[in-house]
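Reader: I would like to learn how to read a protein structure, step by step. Could we go through one together?

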Amino acid sequence: MIIFGTKGYRYQLAILTLVCGQCGNPAAHTLRKRVTKFTLFFVPLFPVSTKYATQCTFCGAEHKVPQEQAEQLRAQAAAGGPGGQQPYGRPQQPYRS
């Protein structure tokens with residue numbers, strides 16, 4: 001007997017401030033990557049598909065994003081450019097006692 005199937009994994013890549021196409025509000029959007037992997041005996045072996053999307057934190061609308069645009073948005077967020085925030089774990093202002 002062989003047991004096989006697929007399992008989805010979701011990764012949060014960045015948080016950006018963008019204008020939502022659904023509600024029109026400038027709000028934080030999460031850039032997410034969803035990877036579906038083929039599993040054999042419940043062990044993930046290789047990715048079958050990869051999809052990118054942004055989700056508005058104000059209204060919850062989700063929009064699919066092509067891979068090229070997702071990479072640009074991720075680089076923009078990492079550089080701290082317009083609409084981007086600093087990476088996780090780093091304070092936005094120096095701590096002073």
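Author: Let us begin with Ile3, whose place is in the segment before β1. Please keep in mind throughout that this is a predicted model.

Reader: Is Ile3 buried, partly exposed or exposed, and why does it count as that?

Author: The general idea is that a residue is called buried under 20% relative accessible area, exposed over 50%, and partly exposed in between. Ile3 has a relative accessible area of 32%, and therefore it is partly exposed.

Reader: How far apart are the C-alpha atoms of Ile3 and Thr39?

Author: Ile3 and Thr39 are 36 residues apart along the chain, and their C-alpha atoms are separated by 8.3 Å.

Reader: Which residues form the nonpolar patch on the surface?

Author: That patch includes Ile3 together with Met1, Ile2, Phe4, Phe41 and Phe42, and the accessible area of these residues together is about 800 Å².

Reader: What should I look at in the backbone of Phe41 and Phe42, and where are these two residues found?

Author: The general idea is that most residues other than glycine have a negative phi. In this structure, Phe41 is not a glycine and yet has a positive phi of about 55 degrees, while Phe42, also a residue other than glycine, has a positive phi near 65 degrees. Phe41 is found in the loop between β2, which covers residues 26–40, and β3, which covers residues 43–56, and Phe42 is found in the loop between β2 and β3 as well.

Reader: Which residues make up the largest nonpolar core?

Author: The general idea is that, in soluble globular proteins, nonpolar side chains tend to be buried together. Here the largest nonpolar core has 9 residues in all, namely Leu13, Ala14, Leu16, Leu31, Tyr52, Val65, Ala70, Leu73 and Ala77. At least two residues of this core come from β1, and at least two come from α1, the helix of residues 67–79.

Conventions. Residues are numbered from 1 along each chain as its sequence is written. This is a predicted model: local features need pLDDT of at least 70, side-chain atom pairs count only at pLDDT 80 or more; totals for chains, interfaces and linings use all residues. Side-chain values use heavy atoms; hydrogens and water are left out. Patches are made of residues with over 30% relative accessible area and no salt bridge: like charges are joined within 9 Å, nonpolar side chains (Val, Leu, Ile, Met, Phe, Trp, Tyr) within 5 Å. Accessible areas come from the Shrake-Rupley method with a 1.4 Å probe; for residues, only the protein chains shown count as cover. A salt bridge is a side-chain nitrogen of Lys or Arg within 4 Å of a carboxyl oxygen of Asp or Glu. A nonpolar core is a set of buried Ala, Val, Leu, Ile, Met, Phe, Trp, Tyr and Cys residues joined through side-chain atoms within 4.5 Å. Buried means under 20% relative accessible area, exposed over 50%, partly exposed in between (1.4 Å probe, protein chains only). Helices (H or I, at least four residues) and strands (E, at least two) are DSSP runs, numbered from the N terminus.
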